[in-house]
Amino acid sequence: MLEEELKNRIAQRYFKKFDCAGIIKRIDFTVKSARTNGVHPDEYFLWAEAKQQSTDVYKMLTQLIVTIKQDAYNILPPKFVGCFDSEKIAFVEYNEVLPIYAVNDFNWSQTPSQVDDKSVATVKKIIDRKKAITFYYGKDDDEIRNFVEQNFIGGGSLLSTLIDKNNFIFVYQKWREMVMPSINADWDKLKANYGVYDRDFFLAELNIDDNNTTDLNDDEVAYPDFYITFNANSPTPYMMKRTDALGLDVLIPFKFRHGGIEKYAEFWKRYKRPPQNIYWNYIISRLDLLVPQDVRERKGAFFTPQIWVEKSQRYIADVLGDDWQENYYVWDCCAGTGNLLNGLSDKYKIFASTLDQQDVDVMKDRIKNGANLLESHVFQFDFLNDDFLPNDDTVETSQCGVSTHGKLPPDLYKIISDPEKRKRLVIYINPPYAEAGDAKQLSGSGKNKTDVAVTHKTYSKYLDKIGIAGRELFAQFFIRIYCEIPNCILAEFSTLKILQGPNFNDFRNVFKANLKKSFIVPANTFDNVKGKFPIGFFIWNCNESDIFKETKSTVYDENGSLMGEKVLSSNYGAKTLTDWMISTRNRPSNVILGFNYSAANDFQHNNYNRIETTKEQLPSPRGTIVTDSNLIESCIYIAVRHVIAATWLNDRDQYLYPNDGWKTDNDFQTNCFVWTLFNNNIQTKYGTNHWIPFSEMEVEARGLFDSHFMNDYITGRGVPCARSANGDLFSDGCELPQQNQLKERAQGTPLQFSETAQSVLSAGRDLWRYYHTMEDANTNASLVDIKEYFQGRNEKGTMNSTSNDPIYTSLLENLKTALRALGEKIKPKVYEYGFLR
């Protein structure tokens, strides 16, 4: 049977009491409680890999493990992972999978459906047959149901989830929701007076045994000036111990509010405490992540992996010399917990500041444990709001000789106040990337995060100079550094917007530092970054003036292996693909065919570029109406934007106004035309379908089509030969009723298609013909309508990915294969004609 049918039968036979409709990206099968009953709705019992045919258990598990790493690594994991095929089902406790994620040489970038033998062998070695419980349908049905009954249903008998480096952030966020409100504490006062945060209470609870051990020596969470202990059996479960100014120990108790102990107990039923030492140590090293979600967004907590820390410092040495640490000062002004400074040797020349005091506390704690930083050089500083003033009243400032108290260490203040010393100051940072808006807003599903980026003094000060780029936090850091700490060296991690983004044109006209060297890496190698786009490391000399236009940057893969070089260009003064489409508007036309929904001119926005039936069906329509006078350009636009797949490396590349070469390339035009005929979002429920390229006779339709436009256009009927008023076939000033986009052809002369395009039309014709054999076929159906008919939609309205009709599935695959071949013909022309560089 087909895989979808198999999944449905497994759900009905063994998991009928559960909700198996959950969708987590590419995970095949999920099981969670059909009722909440105290179980959090996003906590799953099972994630499983499904295969239509008999497959090795460990190969299926390996595919699932890679999928989880790529698609669900930041989601609270289930109690079990598993797999099933046409003959068997297997379960493994998720805890047993965790060691696999710590294997250094595991290939996490491979496609899940094509895992290599080495990976399967690694999984098999770690998850032996004692840990993977396998049952066979039929003979083991009772055992399967008993297993599910015992581990999925039995009240209170759910196996506890082990807390590890993959899920501790999510456990903490849930603890904030369920337990924290029940603790009788003034959180603002604790933070202000003692530097104590809610995470300290969470860690105190986390660091005890399931039997609520009360031994303080075992249960303490040690900090420089205090520790908090927890004893659930005490009337005052939390006890904070501090040392006062006289060196005396002071105990400060905290209680639960009414009903708090029950909420505490209910919450910790779910998790195994304490974490293993390897995970506990990791959690303690990443306290910067134990902050509320809104704070994480504001801080843009993108932890820099050590592999890129080391490589960035080698690049700095290439530019400034091997002995650069002896001759330069370093300031990380958004240091977090200071990991970017690992590897630097002279602590007397290193300064580290960060937005939140709790991160300062962590860095100072690290100093006590051997971190190579000077405590007086580590300080709290809001770089986008605070003034550059010393924290020592004895240091004279530049404000008319009047001593004004600030936050900068005196040594750092002297450096940034001295023009010559500034030339030997390296601002070395991985700033936050938060911006006022995100991709969800384009689809109408997100909320604008304006306060993230536009409430800083720096934003207000430089808005008129850098324009919309000021909505990006990292741009605010860079412009303040460039303007207020002139002549320094800026060594920074950021997205490529600073080089390529059209919204950064104004920024680049002000930020005229000279780019000395750079490299690019995948963004998802950084903590908290989910997207597939490039992050670059750039070294700028702010003492050398140059408007950035183009550079060659070295590219590394996720393992740090050299991939080659990539040209990065600002496309200085160039017009965009959107400008090209706008130039096709307002031509005289006879019929409206659809709406070309257009978004920004880079790869990351390609999914928002499509042809719809009408703009009224869109939440925020912007684009160009498709008519008989700009049909070819509209088809070229869609094909150009979609035939080349978006990757992490080209994600920020810009589409540009083409050269004139395309105008005389009939094959290119008709190839794009045919490609777009079968790659649009036309749906009859929104209006007339003008995009059927066939006649009724060709597909043995069940009735007459409402529109014959596309077939007439192809055959030459109703497409009179016409030139613009000035005789230019492709002029934007056409004053005639129609404009022939391909070449002058006599009425009745059909379009000429390449063999590859003809193969697409043939495959499409076969699919349409089969659809019209259905008794309830919609005569005017579009390709989207046909897909919906055979594939259906789930309860969320999303079209299912497969169909139970094998003939349809085969015909659709034939069409996809033909379209892929056509796309290969179009791809090189995209670069040849300047749509991409």
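How many helices and how many strands does the chain have? The chain has 31 helices and 24 strands. The model described here is predicted.

## The chain as a whole

Of the 837 residues in the chain, 54% are buried. Contacts between residues with a separation of 6 or more can be sorted by how many positions lie between the partners, and 67% of them join residues 24 or more positions apart.

## A covered helix

Helix α8, which spans residues 198–206, is mostly covered, with nine of its nine residues buried. The buried residues of α8 include the charged-type names Asp198, Arg199, Asp200 and Glu205. Phe201, Phe202, Leu203, Ala204 and Leu206 are buried in α8 as well.

## Two helices packed together

Helix α29 (residues 755–771) packs with helix α31 (residues 806–832), and their axes are 9 Å apart at an angle of about 160°. Because this angle is over 145 degrees, α29 is roughly antiparallel to α31. The crossing of α29 past α31 is left-handed.

From α29, the residues that meet α31 are Thr756, Ala757, Ser759, Val760, Ala763, Gly764, Asp766, Leu767 and Tyr770. On the side of α31, the partners include Ile807, Tyr808, Leu811, Leu812, Leu815, Ala818, Leu819 and Leu822. Sorted by class, this contact of α29 with α31 holds 14 nonpolar, four polar and two charged residues.

Where does Ser353 lie? Ser353 is part of strand β14, residues 350–354. Ser353 counts as buried because its relative accessibility is 0%. Leaving out residues up to four places away in sequence, Ser353 touches Trp331, Asp332, Cys333, Cys334, Ala335, Phe379 and Phe381.

Trp308 is placed in helix α13, residues 306–320. With a relative accessible area of 0%, Trp308 is buried. Which residues are in contact with Trp308, leaving aside its neighbours within four places in sequence? They are Phe493, Phe519, Val521, Thr525, Phe526, Tyr556, Asp557, Glu558 and Gly560. For one of them, Phe519, the C-alpha atom is separated from that of Trp308 by 9.8 Å, although the two residues are 211 residues apart along the chain.

Lys51 lies in a loop, between β3 (44–50) and α2 (57–71). Is Lys51 buried or exposed? Lys51 is buried, since its relative accessible area of 19% is under 20%. Apart from residues up to four places away in sequence, Lys51 touches Glu3, Leu6, Met60, Gln63, Phe84, Asp85 and Ser86. The C-alpha atoms of Lys51 and Cys83 are separated by 8.1 Å, and these residues are 32 residues apart along the chain.

| Side chain | Partner side chain | Distance |
|---|---|---|
| Lys51 | Glu49 | 3.4 Å |
| Lys51 | Gln63 | 3.1 Å |

Technical notes:
Residues numbered from 1 in each chain as written. Predicted model: local features only at pLDDT ≥ 70, side-chain atom pairs only at ≥ 80, totals over all residues. Heavy atoms only, no water. Axes fitted to C-alpha atoms, helices over the stretch in contact; angles between N-to-C directions. Helix = DSSP H or I, 4+ residues; strand = E, 2+ residues; numbered from the N terminus. Parallel < 35°, antiparallel > 145°, perpendicular 65-115°, else oblique. Left-handed = near helix turned anticlockwise from the far one by under 90°. Contact = heavy atoms within 4.5 Å. Buried < 20%, exposed > 50% of the residue type's maximum accessible area, 1.4 Å probe, protein only. Polar contact = N/O pair within 3.5 Å; in protein donor to acceptor, adjacent residues only side chain to side chain.
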